[in-house]
Amino acid sequence: MEGLELTSKIMEYKHVSAFFIAIFIFVAFGFVVAQEQDQNQDQNPSSRKIIVFKEGLSDADEARIIAGSRGTRLGRLRAGNLSVVQLDKAGEARIAKYQGVVRVEDDIVVDALETVNGNVQKAKAPIVPAQVLPWGIDRIDADRVWPTSETGAGVNVGVIDTGISISHPDLAANVKGGVSEVWYTSSYNDDNGHGSHVAGIIGALANTIGAVGGAPSVNVYAIKALDRNGSGYLSDVINGIDWAITHGMTVINLSLGTDVDVQSFHDAVIRAKSAGVIVVAAAGNSGGAVLYPAAYPEAIAVAATDISNTAPYWSSRGSEVDLAAPGVNVYSTYKGTKYATMSGTSMATPHVAASVALALKSASDSATDVLGNCIAVYDTNCDGAWSPDEIQYKLEATATDLGVPGQDDVYGWGLVNAYAAMQ
Ligand SMILES: [Ca+2]
Ligand SMILES: [Ca+2]
Ligand SMILES: [Ca+2]
């Protein structure tokens, strides 16, 4: 019995120590598990997704799918079947399995495309400089169009950007409206400067001060989709494109881009072109591949040139480049009442947008042969109106060829010429 008792005491002792060892292992293992979970959470943060629902899905069904994926809807886009939803990795996998979900895409960040060497006037007391003809406007021969009394009046150009200064004496009269798609403000006033610079290249006023745009009587609309740092969510840019479609824009200027190809972005550009909106976009400043949306075939992709008609090393290149335009040391309006000299394919793009605005006012070359067939070179359906394809072809056919003869990866069809496009 004693032996047994002893054994039992040893057993008891063993039990106790096993108990403590077990607790130790449990605690230690639990700590490791907790650490792993933390790491997983760091690796799988919840992120913004664009959810493309099936057309015609009810609000209740969409809400049920989002709730079932433990997501949070941050907003529904103007294209009603698109929503921005905050999801973690598990939710992302779950939502993609619903039959009512067509696609799950990243709500990536897109950037304004000015280069870093912008020379921004920082004068506190706004000086009012006498009007100069910026070299780029001179180079595309926009100034030769104005005496024919074509200055872009009545053409609506949407600038999808950081907003436009509503207080600028060289812009305000042409800014006819707009919208903010960014989360922190309902004002389309420019809190960065990039959008005002782009807007001025298109439509700064022909008066006695500052700069003058390529189409100085155009109607400019501020579609704010980029924030004060010049970046924005793709969902806001898509919303801006859809605003442009439903608010009568004829041209949209996209001096922004990303190297990520997102189907919903492409679809928005396709929607715009199908609605008759001419989409002009910056090729990019990497010197490498053309960015999106410029790389989409439905957009006019614009590369940059300098004062000696040479593309800077940073102007992106590829078969998608359609046209070149001045984009180095471009003087234009800026935030508040300022002016700035900036560089980038961001600056080249609005030179083309202005040329489009002028060319839209050119007369149709509609003509028929004796059999009644349309033989127009530009108005190829002889309907007396300009479609996006017709205008693009007209600008390309009348551009000044640069670089390798004919279309090339650096200059596309060449340097845009607004005056030649009017003939
Ligand atoms: Ca002016
Ligand atoms: Ca036509
Ligand atoms: Ca060429």
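In this predicted model, helix 5 packs against helix 8 through His194, Val198, Ile201 and Ile202, which meet Ser346, Met347, Pro350, His351, Ala353 and Ala354 of helix 8. By class, this contact comprises 7 nonpolar and 3 polar residues, with no charged residue.

**Helix 5 against helix 8**

- The axes of helix 5 and helix 8 (residues 345-359) come within 8 Å of each other and cross at roughly 35°.
- The handedness of this crossing is right-handed.
- Residues three or four places apart in an α-helix point the same way, because there are 3.6 residues a turn.
- On helix 5, the residues meeting helix 8 include His194, Val198 and Ile201.
- On helix 8, the residues meeting helix 5 include Met347, Pro350 and Ala354.

**Burial of helix 5**

- Helix 5 spans residues 194-203 and is mostly covered, with 10 of its 10 residues buried.
- Among the buried residues are His194, Val198, Ile201 and Ile202, each of which also takes part in the contact with helix 8.

- Strand 5 (residues 109-112) runs antiparallel to strand 12 and is joined to strand 12 by 2 bridges.
- Within this pair, Ala112 lies opposite Leu256 of strand 12.
- Pairing between strands of a sheet is made through backbone hydrogen bonds.

Note on methods:
Residues are numbered from 1 along each chain as its sequence is written. Chains are lettered from A and ligands numbered from 1 in the order in which they are written. This is a predicted model: local features need pLDDT of at least 70, side-chain atom pairs count only at pLDDT 80 or more; totals for chains, interfaces and linings use all residues. A residue is buried if 20 or more other C-beta atoms lie within 10 Å of its own, exposed if 12 or fewer, and partly exposed in between; C-beta atoms are placed from the backbone. Helices (H or I, at least four residues) and strands (E, at least two) are DSSP runs, numbered from the N terminus. Two strands pair if DSSP finds at least two bridges between them. Axes are lines fitted to C-alpha atoms, for helices over the stretch in contact, and angles run from 0 to 180 degrees between N-to-C directions. A crossing is left-handed if the near helix is turned anticlockwise from the far one by less than a right angle, and right-handed if clockwise. Two residues are in contact if their C-beta atoms, placed from the backbone, lie within 7 Å. Ala, Val, Leu, Ile, Met, Phe, Trp, Tyr, Cys and Pro count as nonpolar, Asp, Glu, Lys and Arg as charged, and the others, Gly among them, as polar.
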